[in-house]
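Hi,

Here is the structure we talked about handing over. Have a look at it first, and my notes follow below.

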Amino acid sequence: MDDLPPYPPIDPTNFDLIVIGTGLPESVIAAAASSAGKSVLHLDPNPFYGSHFSSLCLTDLADLLQSHSSPSPSPSPAYNVHDDLLVLDLVSRPLYSSVEISNFSPEVLERHSRKFNVDVAGPRVFFCADKSIDLVLKSGASQYLEFKSIDASFVGDGKEAFLSVPDTRSAIFKDTSLGLTEKNRLMRFFKRVQGHLAGEEDARIPEEDLESPFVDFLEKMGLPPRIKSSILYAIAMVNYDQEGVCKDTLKTKDGIDRLALYNASVGRFQNALGAMIYPIYGQGELPQAFCRRAAVKGCLYVLRMPVAALLAEKDSGCYKGVRLASGQDITSNKLVMDPSFTVQSPPASSPLHSLQESLRLLTLGDDRGKVARGICITGSSLKPDISNLLLVYPPRSLFPEQVMAIRVLQIGSSLAVCPPGMFVLYISALCSDIDEGKKLLHLAMDALFRLPVSGNPENNATVENETTEGCSVAQSEKAEAVKPMLLWSAMYIQDLTTVQVGSINSAPMPDGNLNYSDTIEATVKLFHEIYPSEEFFPETSSAENSDDDNGLSLET
C-alpha cells in the first residue's frame, strides 16, 4: 500500500454506519441515513465517485473494467485473531468478463480521451415520472443535477430503417409509415387504456384480460405486429420476447402500469420533448449528487482509501467494524458494501456464528444472469438531425433466434459527455451467458456502424474532418443511409447481483433495465432493513428539499 496518500487518522473512530463504495445504492443509503441523523463514514478505494454507476474518461473506464475482470489474490488464512478481534480479509470479486476495447482512430481519441464522461452502466435514462426522479426531488439532490431531454425514440427493423415510436397523439398523426386504419386502431387502444386508468366504467378492462399476457391483449385490440412491437419493447420496455414460450411474460395489468408511467412522463416537465431525460455530464452525476447531499447532512467522505478487512468480536462473532488499508480500525453498528467486495467464508468450526449467513451469501455467486454492455464512439449521428435518441431492436429483429431486446442510447456533445462533433452510443441486452451477450453486441454494432478500412491513409483525414469542433459528419453526409464510422468501442459482460441483507449488507450491481426504478426500490428496501424505524428521507419544510417539479433543472 505504498501508493496510498498519507491520510491523517479518521476522527471520530466510531460511527452508526460505514458505507464502502460510492455507487448509486450506497450513496442513496448514506444520504438517507445522514438525513435521519445517523453518523456515517463513506469510504471508496477509487479516486472518483460512482463506482459501477460512474461516468469516466476513456482511460479510467478501461482501468475500471480491467481491474474488476479478474479476482484479487485470495488471502490465506481467511481470518485471524488480533486483540480479541477476528480480522476477515476483504477481497474483490470479478464482476466483468470478456472485456474487449478497440481503438480505430488512436490519434484522434488520444487527444480527446479525457474530454469524455462515459457511463459504465449505460444505456440508462430517467422517465420523467418515475420513482428515481421523485427521489431526486424529495431528497434535495436535484439542486446538484441538470438534465436534458432525449429527443426521439425509434424501433430498428434490422434492415437499417429506424421507425418512430408512436408514443403520443401528435406522433401517431405525424407518422407517415402508419396507415389510416393502423392510426385509428392505435388511438382507440390508447383511449381505452386511458379510460381504464381514469376509472371509466365503459372502458374498464376485464380482470380476465388484466391477468392475461399483455401481448395477447394487444392482439385482441387488433394492433398490427409493428405497433405491438413498439408498445412492448420501446414503451413498456420489455426485455424478453413475448411471443410463444417466454421466461418472463408481462401481464396486461403490469403492461398498462408501464404505459401509464410513460404517458405521465410525457409533458411532466415543460422543457422535456418526450418521456425521457438524461443528466448533463453523464449518469455518474447521480451518485455524486447524493454524496453531496449526505455531506451537507454530516456524512464524512474519504476517497482513495481501501478497506483491508472486516472486524468481528472474538467471542460472539458479531460484526464490529473495518480495518482500513492505512491500518486504522473504525467501528460501526451497521455496514453496507459495494458488490465488488466479498470475504472468504471461514470454516464452520470458526466462532463467527452470527456472521456465517451473511458471509455465506457474500461468497455465493449470483444466478440472476448477466447483461452485455457496449460503448461506441462515432464521428456522426445515427440520424443526421438528432443528437440524443433511443433505439430499440426488438426480439427477432436482427436474427431469428434473438430472444432479447437490444437497446441503444445515443448521446451527443450537448450533454457534455464527449467533444463536439462526436457521439457516445451505449448498447445493452440481457443474456444468459458470455457467448450470447457478445453475439447480441456484435450484431447490433454491425447493423449500426461502419469500420475504418485498415491501412487506408485517408482514414485519419476523414476522421479528423468528422470530429473537428463544430463540424459533424451529419453536416456533410447527404444520404441518411450512410452508417456512422466507429472510432472506438468497448464491449463487456457484467454480472447481475442482488441486495444481500444481514449483519453485513451488500448493495446491488446496476441492473439491465433502462431506468432506475428497480434499483431505487431495492435500495429503499435495504435502508428499511437496516433502519426499520427510520423514515426514508424525512419530509422537511425546507425549500432545499422541495418535491415541486420546478426543483428539477432541465435545459432546452
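This is a predicted model: local features need pLDDT of at least 70, side-chain atom pairs count only at pLDDT 80 or more; totals for chains, interfaces and linings use all residues.

**What I found**

The buried residues of helix H4 (residues 131-139) pack against helix H1 (24-35), strand S8 (126-127), strand S9 (146-149), strand S12 (276-279), helix H11 (285-296) and H15. Those buried residues are Ser-132, Ile-133, Leu-135, Val-136, Leu-137 and Ser-139. Buried means under 20% relative accessible area, exposed over 50% and partly exposed in between, with a 1.4 Å probe and protein chains only.

Residues are numbered from 1 along each chain as its sequence is written, and side-chain values use heavy atoms, with hydrogens and water left out. Helices (H or I, at least four residues) and strands (E, at least two) are DSSP runs, numbered from the N terminus.

**The sheet**

An open sheet of 8 strands runs in the order S6-S22-S18-S21-S20-S19-S10-S11, and its pairing is mixed. Two strands pair if DSSP finds at least two bridges between them. Strand S6 (96-103) and strand S11 (162-164) are at the edges with a single partner strand each, so one side of each has no neighbour in the sheet. From one strand to the next, the twist averages 20°. Strand S20 (residues 406-412) pairs with S21 in the antiparallel sense over 6 bridges, and Ile-411 has Val-424 of S21 as its bridge partner.

Helix H13 (residues 434-448) packs on this sheet and touches S6, S11, S18, S19, S20, S21 and S22. The direction of H13 makes about 155° with that of S22 (axes are lines fitted to C-alpha atoms, for helices over the stretch in contact, and angles run from 0 to 180 degrees between N-to-C directions).

Ser-153 sits in strand S10 (residues 152-156) and is buried, with a relative accessible area of 11%. Beyond its neighbours within four places in sequence, Ser-153 is in contact (heavy atoms within 4.5 Å) with Leu-163, Ser-164, Val-165, Tyr-262, Met-276 and Leu-390.

**Strand S2**

All of S2 (residues 40-44) is buried, 5 of the 5 residues, so this strand is largely enclosed by the rest of the structure. Val-40, His-42 and Asp-44 point one way from S2, while Leu-41 and Leu-43 point the other way. Strand S1 (residues 14-20) runs parallel to S2 and is joined to it by 4 bridges; Leu-17 has Val-40 as its bridge partner.

**Pocket and cavity**

The largest pocket holds about 1000 Å³ of space. Its lining has 43 residues, with Asn-239, Arg-258, Asp-511, Asn-513 and Asp-518 nearest the centre. Helix H10 (252-265), strand S21 (423-431) and helix H15 (517-530) each give two or more residues to that lining.

A search of the whole structure finds 1 cavity of 30 Å³ or more. The largest cavity is lined by Phe-53, Ser-54, Asp-119, Val-120, Ala-121, Arg-124, Gln-283 and Tyr-516.

On a 1 Å grid over the protein atoms alone, a cavity is a set of points where a 1.4 Å probe fits but cannot get out, and a pocket is an open set with protein on both sides within 12 Å along at least five of seven lines; lining residues have an atom within 4 Å of a point. Grid points are joined across faces, edges and corners, and a volume is the space filled by probe spheres set on the points.

Best wishes
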